[in-house]
Structures are given as C-alpha cells and as structure tokens.
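Hi,

Here is the structure I promised to pass on.

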Amino acid sequence: MQTLTRNAPKALQQVGEKILAAERITPAEGLLLFEQGNLSYLGTLANYVIEKLHGNKTYFNRNFHIEPTNVCVFSCAFCAYSRLYAQREEGWELSTEQMMDIVKGYDGKPITEVHIVGGVHPKLNLSFFIDLMKQIKAHRPSLHIKGYTAVELDYMFRKAKVSAEQGMKLLHEAGLDSLPGGGAEIFHPEIREQICADKVNADGWLDIHRTAHKLGMHSNATMLYGHIEKFEHRIDHMERLRQLQDETHGFNTFIPLKFRNKDNDMSYVPESAVTEDMRLYAVARLYLDNFAHLKAYWPMLGRNNAQLTLSFGVNDLDGTIDDTTKIYSMAGSEEQTPSMTTAQLVTLIKQVKRQPVERDTLYNEIRDYSNVEVKDMEVDPSLN
Ligand code: V47
Ligand code: SF4
C-alpha cells in the first residue's frame, strides 16, 4: 500500500497517505483525486478503506418496490418516466387497494423492506399517503417502509400547509420508517437549474433529511452523475452531504446513480464510460469518510458492472428489488423489469469472491450466505 502511494505524483501521494492514516481529505484533495487519480490507484485505496470498514462483506436486502404513479408536476430534463397531469392517460396511478394488493402479494415471503417512490402527483396528498402507511403497517407491522423522496415530501408538506417537521411526524407515526435517497440529483445551482430547476433545491432537500434524522429516522442520499456536471460539482454535492452527516449521523448509505440517456430531454448527452463510473465510486468511498456504506444500484449499472464496483469501494448491492419499475427501463437501463432472486444476488457476490450478507434497511445483519449452497436456496423458500 505504501509503495502504491510512493509511485504516484507528489500531490496525489500526499492525499493517498492521508487516506491510509484515516485523515479526512479536503474538497481540493477530492478534486485532485478526480483529476489525476487513475483507476488502479483509486481502486486500491477505495478497496483498502472498504475492507477496513467491512472486511469482505457485501450486503443486500430482500425488498420490493412500489411506484404509486408516474404523473408528475415537475419536468426534470433527465426523466424519461414522468407524465404531466395533462398527459395522465399515458401514465398510471395506483389506488390504495392496488398498492395493498402488491403488499399482500408478498405475504409469507421473507421480505424485509418496501421501497415506495414515484412521481409528484398533484392530487395524491399527505392524508392519502398517511392512510397508505397505516394500511401497510396494519397488514404487516414488521415490514420496513422506506418511502418518498425529499422532492415528493417537500411538495406534499407545502400543499398540506404543514412544516416539514409536522408532516414528517405524521408520516412517521403512521408507519414511515426511513427515506430513500432520491431527488438529490446534483445540488450545485449551476447544474440543478439546467436539469431540474423547478423542484426542491439543495437546501430544501437537505432540510427534509435533517428533519427526518432529528426525529430518529434514517435516510439515504443519491447523486445523479455522468451528464453535464463537472468534477467540482460532484465534490460540492458530496461535501454538502458530508457536512450534514457530521451534524446528524442519519444517513445510512450513499448511492451514485448513473445517468442513462434514453428517451429524455438529455438524450444528446453521452453516457459515462465504465472506467469513469468506477473512478467515481472509488472517489465517493474516499471522500465520504462518515458514510458507513456505499451502494451500487444494479438496475442502473447492469449486473456485471455492479459486480465490478465491489472492487472500487462498494459494499452493498441494494436488494432483490422485485419490481415492475419503469423509472430506469424507460431511461435505457439494461434491466427492463428489475428483479433478482436471492440465489442470483448471492451468486453475483460470490463470483467476485465477496461474502454475501443479507441485511435489513438499517444494516442489521440477518443472514450470512457464505456457506449456503445455491442449490439449497433454490428449493428452500426461506432462503430464496
Ligand atoms: O432522483 C431518474 C433517478 C432517482 C434517471 O434510497 C435517473 O435506496 C439515471 O430514489 N438516469 C429516484 N437516474 C430513485 C431513488 C432510489 C433508487 C435506488 C435506491 C434508492 C434508495 C433510491 O432516479 C431520481 C433520479 O436521480 N433517475 N431518471 C435517468 N435517466
Ligand atoms: Fe418527477 Fe422525479 Fe421524474 Fe423529476 S425525476 S420529473 S420529480 S418523477
């Protein structure tokens, strides 16, 4: 490891030495990593950090997604999925009963989390979602509900004329356990105004998460990368997250989301190369020293590239997902209806010599699959 840093240019060498000494790197040093760090240098450092934190473990969970609607009042330039209210006949809108049928479809299956994220529908309001939380919890109290991006929540609370704290408390009391990380995109206004000008800004997004954390809820954070943003915007984004994490310690995981360019208003922007994806994961691991976990969202990256991230600082592959999600497939992701069995996920992790460990949403370990044979999983429903 020391030899690795000695062979690097002087300035880069100093950053590498700080990382090995577990010292925090500055925004300028983070930028230097993006500008000058080659794939093997960054990968080796990120791998060192992740193995120090989690040994050889790669986490996943057993979850499913519900998208209540793709009707949305906003018009993010990168979004291939949403439909304005005026075009709602091209979209969908699930009733509470339909969503409960999805939940009931998992009765008896060893799922621990439901992830609920959708468009911002002008007519689905706070009381609609409070009622949904209550119904889900009444049906299956142990199911962890991770739901609503800060964008959905900000709109819901403003419409209901309640403060973020009041609104969050109501949802939390009704059953909402944690928040997903979506809607963060790129915080810097230079980019945010070009890609998603009309939705909640950086401070608003961060405030919603701060409010959740203060109520004892956890949340995730994402970053939509690989479009028109520059390295400095990525560092700015991660710096804002690092500062909030110092304040609240409420973030579970950071999830970089690779921009996909099919059928949206940014289709002219080429997608990033895999090598750049891996460099980004590695820098994120090195920069966000107060985030315990780094997640690769496999539907966006594809399964092979998700495997590759496990050598570049990633220690979590999200979950089985089981979804009819359209947000990714409509933007060009390889996964048309993302879903993996536990056996497939475990195999993916074992193939790259990592140790598959099932977790719950809060990263409590549920089961270590190191010594479970895939053939046994295929016949035992509690394992698959
Ligand atoms: O904020 C939309 C992204 C996000 C595109 O917390 C796109 O566990 C790439 O919140 N190319 C929503 N990305 C998804 C989300 C999420 C996903 C996975 C895990 C978690 C978690 C949260 O989807 C949006 C936006 O950044 N998105 N369009 C696109 N063309
Ligand atoms: Fe609406 Fe979310 Fe799509 Fe933006 S990314 S248009 S907020 S569904």
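Thr69, Gly119, Val120, His121, Leu124, Phe129, Glu152, Tyr155 and Met156 line the second largest cavity. By cavity I mean a set of points, on a 1 Å grid over the protein atoms alone, where a 1.4 Å probe fits but cannot get out, and lining residues have an atom within 4 Å of a point. Its volume is about 80 Å³, taken as the space filled by probe spheres set on the points, which are joined across faces, edges and corners. Helix H7 (residues 150-160) gives the largest share of that lining, 3 residues. The lining splits into 5 nonpolar, 3 polar and 1 charged; Ala, Val, Leu, Ile, Met, Phe, Trp, Tyr, Cys and Pro count as nonpolar, Asp, Glu, Lys and Arg as charged, and the others, Gly among them, as polar. The count is 4 cavities of 30 Å³ or more.

Before you read on: this is a predicted model, where local features need pLDDT of at least 70 and side-chain atom pairs count only at pLDDT 80 or more, while totals for chains, interfaces and linings use all residues. Residues are numbered from 1 along each chain as its sequence is written, chains are lettered from A and ligands numbered from 1 in the order in which they are written, and side-chain values use heavy atoms, with hydrogens and water left out.

Now the ligands. Ligand 1 has 23 residues around it (a heavy atom within 4 Å), and Lys146, Gly181, Gly183, Glu185 and Lys295 come nearest. A polar side-chain atom of Glu185 is 2.5 Å from an oxygen atom of ligand 1. For Lys146, an N or O atom of the side chain is 2.7 Å from a ligand 1 oxygen, and a polar backbone atom of Gly183 is 2.7 Å from an oxygen of ligand 1.

Around ligand 2 sit Cys72, Phe74, Cys76, Phe78, Cys79, Tyr81, Ser82, Gly119 and Lys199. That shell divides into 6 nonpolar, 2 polar and 1 charged.

Is Glu358 buried or exposed? Glu358 counts as buried because its relative accessible area is 2%, and buried means under 20% (1.4 Å probe, protein chains only). Glu358 belongs to strand S10 (residues 355-359), a strand being a DSSP run of E, at least two residues, and a helix one of H or I, at least four, both numbered from the N terminus.

Cheers

Note on methods. 1 Å grid on protein atoms, 1.4 Å probe; cavity = no way out; pocket = protein on both sides within 12 Å on 5 of 7 lines; lining within 4 Å. Buried < 20%, exposed > 50% of the residue type's maximum accessible area, 1.4 Å probe, protein only. Polar contact = N/O pair within 3.5 Å; in protein donor to acceptor, adjacent residues only side chain to side chain.
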